[in-house]
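Please keep the sequence and the 3D view open while reading.

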Amino acid sequence: MTDHDLVKPDIRKANDCPPLPVNATMIDRAVYWLGIGLGSGLPRRAPGTWGTVGGLIVAIPLLSLGFIPFLIITLLSCIIGIWICGRTSDLMGGHDDPHIVWDEWAGIWITLLPLSYIGIADGNFWHNISQPFSVAALIMIFILFRFFDIIKPPPIGWADKKVAGGLGIMLDDIIASIMAAAVWVIIYNIIL
């Protein structure tokens, strides 16, 4: 596979989301909607950011399940995400279209794992999640993940450019989320 095979749409421009082929099966329709984050990746501008917002909104009730269930859901989202992103990319007829945001969903969920681990779900989750610390943590986690996903410092940029298919679509976001989570843990430990 050459670098030419990995050409992606220019995300600096407004892009329409490629339509689902009219002859798509029901499974392909479901995969396509998961791939575009249940519609959160449809905006013409900044679909990755909007997709991350969608993933964060979906994560909040998932966080209420506790750390272990949230960890299992997150790991499964990464594993099946390789197939979801690869198939959605095939349905769109290109590589890593910016409207494919399942990788952002999985990425923000990985970045949220430390917050889940420290016990935000302990006791009354809905009370805890509305506290200033939790709201500030969610905002910081969102910003850190988007920063690493957009800037793509090494090795994120390498994965984005050199790894193809569904794994390539997922891998740069997984690395970005791990880096963002590590920075958040460092900040959390310094502050508290």
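## Aromatic pairs

Two rings of Phe, Tyr or Trp, the last taken by its six-membered ring, are counted as a pair if their centres lie within 6.5 Å, and planes over 60 degrees apart make the pair edge-to-face. In this structure, which is a predicted model, there are eight aromatic pairs. One of them joins phenylalanine 67 and tyrosine 117 in an edge-to-face arrangement, with 5.1 Å from centre to centre and 75 degrees between the planes. Because phenylalanine 67 belongs to helix 3 (residues 67–92) and tyrosine 117 to helix 4 (residues 102–117), this pair ties together parts that lie 50 residues apart in sequence. Phenylalanine 67 is partly exposed, at a relative accessible area of 25%, while tyrosine 117 is exposed, at 60% relative accessibility.

Another edge-to-face pair is formed by phenylalanine 147 and phenylalanine 148, whose centres are 5.2 Å apart and whose planes make an angle of 80 degrees. Phenylalanine 147 is partly exposed, at 43% relative accessibility, whereas phenylalanine 148 is buried, at 10%. Elsewhere in the chain, Trp102, Trp105 and Trp109 make up one aromatic cluster.

## The nonpolar core

The largest nonpolar core contains 45 residues, and those with the most contacts inside it are Tyr32, Phe70, Ile108, Trp109, Leu112, Leu115 and Met170. At least two residues of this core come from each of helix 1 (26–35), helix 2 (47–63), helix 3, helix 4, helix 5 (125–129), helix 6 (132–151), helix 7 (156–162) and helix 8 (165–191). Helix 4 gives the largest share, with nine residues.

Methionine 170, if neighbours within four places in sequence are left aside, is in contact with Ser77, Cys78, Gly81, Ile82, Cys85, Trp102, Asp103 and Ala106.

Not counting residues up to four places away in sequence, glutamate 104 touches Gly48, Gly51, Thr52, Phe145, Arg146, Asp149 and Asp173.

## Annotated transmembrane regions

An unreviewed UniProt entry lists residues 56–85, 106–127, 133–151 and 163–191 under "transmembrane region". In the model, residues 56–85 are 90% helix and 0% strand, with 18 Å between the end C-alpha atoms of the span. Residues 133–151 are 100% helix and 0% strand, and here the end C-alpha atoms lie 26 Å apart.

## The chain as a whole

The chain has eight helices and zero strands, and its pattern along the sequence reads α-α-α-α-α-α-α-α. Its radius of gyration is 17 Å, close to the 16 Å that the globule rule gives for 192 residues, so the chain is as compact as a globular protein of that length. The C-alpha trace spans about 50 × 35 × 25 Å along its principal axes.

Of the 192 residues in the chain, 48% are buried. Among the contacts between residues at least 6 apart in sequence, 77% join residues that are at least 24 apart. The accessible surface of the chain amounts to about 9600 Å², and carbon and sulfur atoms account for 71% of that area.

Notes: Residues numbered from 1 in each chain as written. Predicted model: local features only at pLDDT ≥ 70, side-chain atom pairs only at ≥ 80, totals over all residues. Heavy atoms only, no water. Phe/Tyr/Trp six-rings, centres within 6.5 Å; stacked < 30°, edge-to-face > 60°. Helix = DSSP H or I, 4+ residues; strand = E, 2+ residues; numbered from the N terminus. Buried < 20%, exposed > 50% of the residue type's maximum accessible area, 1.4 Å probe, protein only. UniProt positions renumbered as here; feature names shortened; annotations may be inferred. Core = buried A, V, L, I, M, F, W, Y, C linked by side-chain atoms within 4.5 Å. Contact = heavy atoms within 4.5 Å. Rg over C-alpha atoms; globule rule 2.2 N^0.38 Å. Areas by Shrake-Rupley, 256 points an atom, 1.4 Å probe, with all protein chains shown as cover.
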